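Hi,

Here is the structure for you to look through. My notes follow below it.

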Amino acid sequence: MAKVEYHQLIQQSQIASKAIVRQAKSHDGVNAALNIAKRLIHFSRHHPQAALVAVNSLRQESGLSSPLPLRTALITTVLGQRSKLNDHYLQHLVAAHYMLFCTGSYHKDTQTLHFEKTLVQGLKKQLAKRHLKIWQDIFATYPVLGRANFIKYLKSAALRETQWWTLVSAFISTRFTDSFFPVLRQLALHSPLQHEHIMRSWVGFPGDIWPGAQVAISPESLILLAKTNQQCGMVKQKQGERKFVIREQVTHPAIRYLGFDQWHELMQRFEMETESLVAYQPGGRVYPLNHPPSSLLAIIDLLQRPDLEVDVLSQRIESEAAFASALKAAASNDNRLQLPVHDVKQAILTFGLERVGDMLIREALVQRLTQNYFPLSQMCQNILDVSANLSSLLAAETNISLTPQAAGLISSFVLAPLFSLPALKVLPRFVHNNHNLHNVNDLVGLKTAHPFLDFAAELASNWHLPTSHRALILQLGRFPTQSKASQQPDIAVIMLSLIWTRQWLFCPHLPDESSQEAERQCFHLLSINSEQKTEYQEKLSHLLYSTVTR
């Protein structure tokens with residue numbers, strides 16, 4: 001299957017590159033580039049070893065008029081998935097790289113890239129009409145890419161993140177021949193520290209020598225077939241005999257890289273031996289958001305038992321390392337003396353069974369919301385953190401029926417749709433709607449397929465939240481006094497946390513009468529005044545303000 005997809009990619013790339021160049025003057029080539037990017041992401045995710053082989057074999061393909069666009073786009077795909085970039089964001093990043101390099105060529109004698117300026121300008125006009133901002137940012141790098149030593153611009157403070165990816169992918173595409181580490185070393189030396197964690201992950205995988213490499217070791221030679229971040233599967237060749245071996249790493253340089261079909265033939269021959277290596281996912285497993293992990297459901301079911309013993313629950317939680325560490329960390333911060341809690345049972349006794357369930361659900365939800373990166377992911381997480389923490393504080397210090405953990409959980413589900421908006425994945429700046437701060441449906445200035453609250457309520461149902469929690473979520477689209485009297489204080493806490501979060505992060509003053517009225521009703525229901533508002537803001541200052549000074 002990998003072989004079929006590889007050759008289909010080459011054929012489709014030939015068609016798409018010609019269409020993009022031809023359409024630069026009069027039509028729109030964006031969809032052609034997006035289609036290639038979608039194919040590359042699928043190919044790399046389902047055949048990660050084959051994708052690494054393809055990076056080097058593309059240089060040998062006679063069916064490609066120029067390997068530069070596809071090779072650069074594939075490098076972006078492979079490293080982007082390893083760096084846990086969100087698929088929608090990665091698709092646009094890869095597509096923009098593919099489109100830009102369709103207009104370029106690499107001159108080995110001078111080690112410089114050359115771009116057809118008239119073609120670039122024609123495509124830039126198309127991008128402006130489509131309002132594709134990150135594509136425009138990427139196309140803005142072409143004058144820099146045309147310089148001999150463009151890698152030095154990685155240090156520039158004016159460089160946007162998408163542009164950093166463009167320069168990095170271009171440098172790897174034009175300089176990587178046998179060993180990856182010399183290229184990576186240059187990138188690390190020239191890049192800001194904020195990108196260190198990304199490049200560090202590339203050391204383990206794809207590593208220095210990539211699959212498909214033939215390594216010279218006298219009196220035998222080795223061919224690297226597949227690898228993980230810990231093992232390398234190799235074919236040892238000696239006196240006409242071939243044998244499969246596992247090594248921890250390859251320390252010798254590559255003589256050459258095999259053609260894709262030649263590598264694939266060897267993989268077929270040693271299919272059983274390479275099975276575990278082929279199953280390796282460099283970017284880790286991607287977990288769906290629309291339902292909770294089965295391990296969490298098992299814990300929730302345990303919590304429903306009237307005869308539940310704490311020892312049984314603690315053993316189940318201890319078997320899930322992420323849940324256990326999160327619970328112990330929360331208990332360490334929650335006790336009055338802030339003494340470290342090293343035992344899950346002690347953490348359970350600190351909070352009680354009901355609170356433990358809400359905490360674990362929120363922990364699992366946040367893990368899934370933040371498992372992949374896009375330019376605004378940190379901003380979205382900050383909105384989520386401020387609102388959830390504020391809800392917990394308000395619940396702890398006001399007379400309502402919700403526990404602090406339940407309030408933080410509900411706030412998290414209300415804002416979870418932020419992480420599922422495709423349009424938000426490809427924007428460089430957050431588009432906040434400065435009106436109706438009490439209504440989460442009006443949070444972003446973008447068209448959404450469904451209201452936030454409908455999505456949040458459906459998600460809460462899929463995650464088995466109590467009926468009372470789901471009922472509160474559905475009431476948050478209107479003023480507190482329009483709901484049942486028994487629900488009003490609980491609604492006021494969630495709504496006030498949303499109003500203040502949006503005000504503190506985006507608009508210092510309440511801009512409209514509706515927002516002011518909602519805040520007045522919340523103040524009345526919770527017996528809070530404006531002086532206390534300032535106190536809450538100070539308590540959350542670590543989430544609202546940067547420590548960097550000018």
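**What was found**

Of the 550 residues of the protein, 53% count as buried, meaning under 20% relative accessible area with a 1.4 Å probe and protein chains only. Note that this is a predicted model: local features need pLDDT of at least 70, side-chain atom pairs count only at pLDDT 80 or more, and totals for chains, interfaces and linings use all residues. Residues are numbered from 1 along each chain as its sequence is written, and side-chain values use heavy atoms, without hydrogens or water.

**Fold and shape**

The protein has 26 helices and 7 strands. Both are DSSP runs: helices are H or I with at least four residues, strands are E with at least two. The radius of gyration is 27 Å, close to the 24 Å that the globule rule gives for 550 residues, so the protein is as compact as a globular protein of that length. That radius is taken over C-alpha atoms, and the rule is 2.2 Å times the number of residues to the power 0.38. The C-alpha trace spans about 80 × 60 × 40 Å along its principal axes.

**Cysteines**

How many disulfides does a search of the whole structure find? It finds 0. A disulfide here is a pair of cysteine sulfur atoms within 2.5 Å. Cys522 is in none, and its nearest cysteine sulfur, that of Cys507, is 15 Å away. Cys522 is buried, with a relative accessible area of 0%. Cys102 also counts as buried, at 12% relative accessibility.

Best wishes

Technical notes: Buried < 20%, exposed > 50% of the residue type's maximum accessible area, 1.4 Å probe, protein only.
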